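Please read the sequence and the model shown below, then follow the report that comes after them.

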Amino acid sequence: MSALRFVVNGSEVELEGVPPLRRLSTVLRDDLGLRGTKVGCEAGDCGACCVLLDGEVVNSCTVPVGRMEGRLVETIEGLDASGEIGLLQQSFLQHGAAQCGICTPGMVVAAAALLRVNSSPGEGEVLNALAGVLCRCTGYRKIIDAVVSAPVVEPEPVVPPPGKAVGRRVVRVDGLPKVRGTDVFGADAVPDGALVARVVRSPFHRARFRFGDLEAYMSANPGISGVFTSADIPGRNRFGVIPHMADQPVLAEGEARFRGEAVALVVGQPEAMEYLDLDAVPVTWEDLPAVMTPEEALEAGAPRLHEEREGNVLIRGLVQRGNLDEGFRAADHVVEAEFETGFIEHAYIEPEAGFATRVGDRLEIHATTQTPHMDRTEVAAILDLDPNAVRIVPTAVGGGFGGKLDLSIQPLIGLAAWKLRRPVRITYTRPESMMSTTKRHPSKLRARIGATAAGKLTSMDFTAMFNTGAYASWGPTVANRVPVHAGGPYVYDAYRARTVAVHTHCLPAGAFRGFGVPQANIALECLLDELADSVGIDRLEFRLANALTVGKPTVTGQVFEAGVGFRDCLEALRPHWDRARAAVFEFNANGHPTRRRGVGVAGLWYGCGNTALPNPSTIKVGLREDGRIVLYQGAVDIGQGANTVIAQICADAVGVRLDAVVLVGADTDTTPDAGKTSASRQTYVSGNAAFLAGRDLRSRILAMAGASDDAHIALDGSTLVLHDRGEAKPLELGMLSSRSDGLVAVAHATYDPPTTPLDENGQGAPYAVYGFGAQLTELEVDLELGTTRLLRITAAHDVGRAVNPTLVEGQIQGGIAQGIGLGLMEEYLPGRNDNLHDYLIPTIGDVPEVVSILVESNDPLGPYGAKGIGEHTMIPTAPSILNAIRDAIGAAVRRLPATPGRVLEAIRSTSPARVS
Ligand code: FES
Ligand code: FES
């Protein structure tokens, strides 16, 4: 094999002995160490690996290095070093265009290519230039704004004065590495000499299996260092996010319960593993009859997935209040219908990745995760280690959305590294990420809702059956959260919501932005439109008339005295609703005969944090002898902005400038347990812990100098000056006795939301804080093709207090993009679309203009009044789209996604909701 020569970022490289079919992306990352080029699919679908090849944007994963002779490559590192993209990077930071950051290098490279040929592009040109790069976090709008504004970006904004960070549009404190491509994601951290692991998975939905002679297999493959099966697991071969329901084996024992389930781990030298044929591992499979739907699984005689779970029922949920019969008797109008949704894939651009290494008698795992402390507990149990012998260090997380709450790679690489005493790394391929990790629960939803002739809601009866897949995962959480939320932020005389989660031989359904509430909200909000029409009241007015307010009981009997901003959200939409409705009538009267416009609205509420369970978060903060405030922030930032928001809260609580705060990121050895990044809890729960810790540290600092509570803290290197009632009191921090960690003062605080358990009827206070919102969709349907074109989405959300409005808007736009996917295009079919080519997520051209309206109800329990926002934002999107489609075509789509075929079917159907 002759040497290959080509130019990378202006320097000639010469490669000997590289297989010509090796991907350029692999060569850049593994052979040249240029890990700013990211990999999300290795199939040309995601664009994360974009580089410039002879000046043109290409997906480097589709370029065989054998074709590189004499060519010129530019990567994010080269563009960064040359200074060419300085303004673009600044614009990305100021617009909040990078959330998790895994897509950002690809976006920046593609945008740089555009700016070379067009120094002031318009939106249409940006859409074309970035069409090949997927982002799952941002909803693209801020990326578009960043690129359009790059040529005229303003200088870096001034850091807010001490105590004034909350409420300001400060740039992400962790943003710079994202726009430079230097953030270290799971696949970017590669220790010297690391072995590579790959997983043998079941090719059948249900199969019995047995291994052949693994010793002989290893002898025949000298590059392989070990093959591990369930027999090698020293501890408990079970994991699960709800400890007493843990039921999922790390490596299956004798029978695989879903297609893609791990049965063995093969570990070896990187060269041996690169083209290893996993089908050659000696496994004999016996394909067994499988149950793939809850209906099949509930049948008498259906195979039982877990012996102790009769009828394959994992769990049932219930909330009921009032007399349902009386409620429906009082109703003059009743609507009823069934809705159905499928599996939805998280489609984070970063597949699961990381490495493990044994350090003496301890195990370190560096991996992409949303929940380091829970990982530590589970890995320790699996490997029969003391939890203190396990250290989990989250890498940068390239999107999670709930899909990185469950264990995936951690016990696999942990097992291999522990046994082999060598570092072991793994990166899931896109297909194995999709086939083996959790999904949004498929659901069958039935709702019946009644109202009086005057338009007052009387009653709602709701049932949901969820396909929870082979293992428990977050099924119980979904089944318990949904009954609380299925009625939405409305007031009923009588209410009943029942749920059941049923095991099937599908991959486990788990947590995904909203824990089942986005599905339930579809049934509610679509039927509310039909009920409003039946009563003869404007659809927005109908919601306003029945909206939950302070002083009225929720469906669990909870009464709030403040912090209920739902009516304000609906009122904020009113001018947009009136304008859009008028435009629709105009267009439908005079427009193109084959296209009709529609407008839809939908509301939401969502409880922040765990449902009726303890949910504590602990934050530590200290004053270091060099005059910096050190924030030990264990709440993993998966792109949503926890690092920045919690730092803003902490800085204001201490009373210092934000740039005085130094962040110590999540690490189970150094940061206290801030709980999971899930359930929209970090701003509210960890934010409160940061507030309390910050106030405590401030008190300690003031006490050190005998200053009053009103004193201003000024930090100037290692000198701290307290300005107190006209007097300046300096403190030389270096003179104070310090601890081994360099801190001269330290504070810890824990916050746990005040909730109560629910009784047998689901009554109680399951959440201390709810967020509220409403969205309005304007769209156009082609009556001949069934296609839907979104025109604009207006979103009003009660966020309590917008700690960082730019980040809140980013959450709104990103949630809406995922809601568009749920509503119009996404459905994961086990075994049929394990890739980002066949599984479609919204691209930059699919997300319309988004108008964000931030409603601040100033929650009495939130830090500076703030609530969570992460999950709320996608909950009303799909029903508002469905309602707009119904508005346009006069018929309802009840099976999601509303693909052109289903829209056409609805147009041709004559089966509206039964109305009496
Ligand atoms: S990694 Fe190359 S397109 Fe996805
Ligand atoms: S910021 Fe684009 S995928 Fe996360």
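In which loop is Ala347 found? Ala347 is in the loop between strand 13 (333–341) and strand 14 (353–359); helices (H or I, at least four residues) and strands (E, at least two) are DSSP runs, numbered from the N terminus. This is a predicted model, in which local features need pLDDT of at least 70, side-chain atom pairs count only at pLDDT 80 or more, and totals for chains, interfaces and linings use all residues. Residues are numbered from 1 along each chain as its sequence is written, chains are lettered from A and ligands numbered from 1 in the order in which they are written, and side-chain values use heavy atoms, with hydrogens and water left out.

**Backbone exceptions**

Most residues other than glycine have a negative phi, and most peptide bonds are trans. Ala347 is not a glycine, yet its phi is positive, about 55°. Its relative accessibility is 0%, so Ala347 counts as buried. Here buried means under 20% relative accessible area, exposed means over 50%, and partly exposed lies in between (1.4 Å probe, protein chains only).

Phe401 also has a positive phi, near 60°, and is a residue other than glycine. Phe401 belongs to the loop between strand 16 (390–394) and helix 13 (410–420). With a relative accessible area of 12%, Phe401 is buried.

Another exception concerns a peptide bond. The bond from Leu896 to Pro897 is cis, and its omega is near -5°. Pro897 is located in the loop between helix 22 and helix 23 (900–908).

**Two buried loop residues**

Where is Arg172 found? Arg172 is in the loop between helix 6 (141–149) and helix 7 (176–180). Arg172 counts as buried because its relative accessibility is 8%. Leaving aside neighbours within four places in sequence, the residues in contact with Arg172 include Ala98, Gln99, Lys178, Asp637 and Leu807; contact means heavy atoms within 4.5 Å. Arg172 and Leu807 are 635 residues apart in sequence, while their C-alpha atoms are 8.5 Å apart in space.

Asn312 is found in the loop between helix 10 (294–298) and strand 12 (313–321). The relative accessibility of Asn312 is 2%, so this residue counts as buried. When neighbours within four places in sequence are left aside, the contacts of Asn312 include Ala297, Arg304, Ala501, Val502 and His503.

Helix 16 (residues 517–535) has 19 residues, which should span 27 Å at 1.5 Å a residue; its end C-alpha atoms are 26 Å apart, which agrees. The expected span of a helix is 1.5 Å times one less than its number of residues. Gly536 follows helix 16 and has a positive phi, near 95°.

Helix 22 has 13 residues, and the distance from its first C-alpha to its last is 18 Å, close to the expected 18 Å. Helix 22 is mostly covered, with 13 of its 13 residues buried. Just after helix 22 comes Gly890, with a positive phi of about 80°.

**Two helix pairs**

Two packed helices are described by the angle between their axes and the distance between the axes. Axes are lines fitted to C-alpha atoms, for helices over the stretch in contact, and angles run from 0 to 180 degrees between N-to-C directions.

| Helix pair | Axes come within | Crossing angle |
|---|---|---|
| Helix 21 (residues 805–825) and helix 22 (residues 877–889) | 7 Å | roughly 50° |
| Helix 3 (residues 86–95) and helix 6 | 8 Å | roughly 140° |

Helix 21 and helix 22 are therefore oblique to each other. Angles under 35 degrees count as roughly parallel, over 145 as roughly antiparallel, 65 to 115 as roughly perpendicular and the rest as oblique. The contact includes Gly815, Ile816 and Gly819 of helix 21, and Thr877, Ala878, Ile881 and Ile885 of helix 22. Its residues divide into seven nonpolar, four polar and no charged. For these classes, Ala, Val, Leu, Ile, Met, Phe, Trp, Tyr, Cys and Pro count as nonpolar, Asp, Glu, Lys and Arg as charged, and the others, Gly among them, as polar.

Helix 3 and helix 6 are likewise oblique to each other. In this pair, Leu88, Ser91, Phe92 and His95 of helix 3 meet residues of helix 6 that include Lys142, Ile143 and Asp145. The contact of helix 3 with helix 6 has five nonpolar, three polar and two charged residues.
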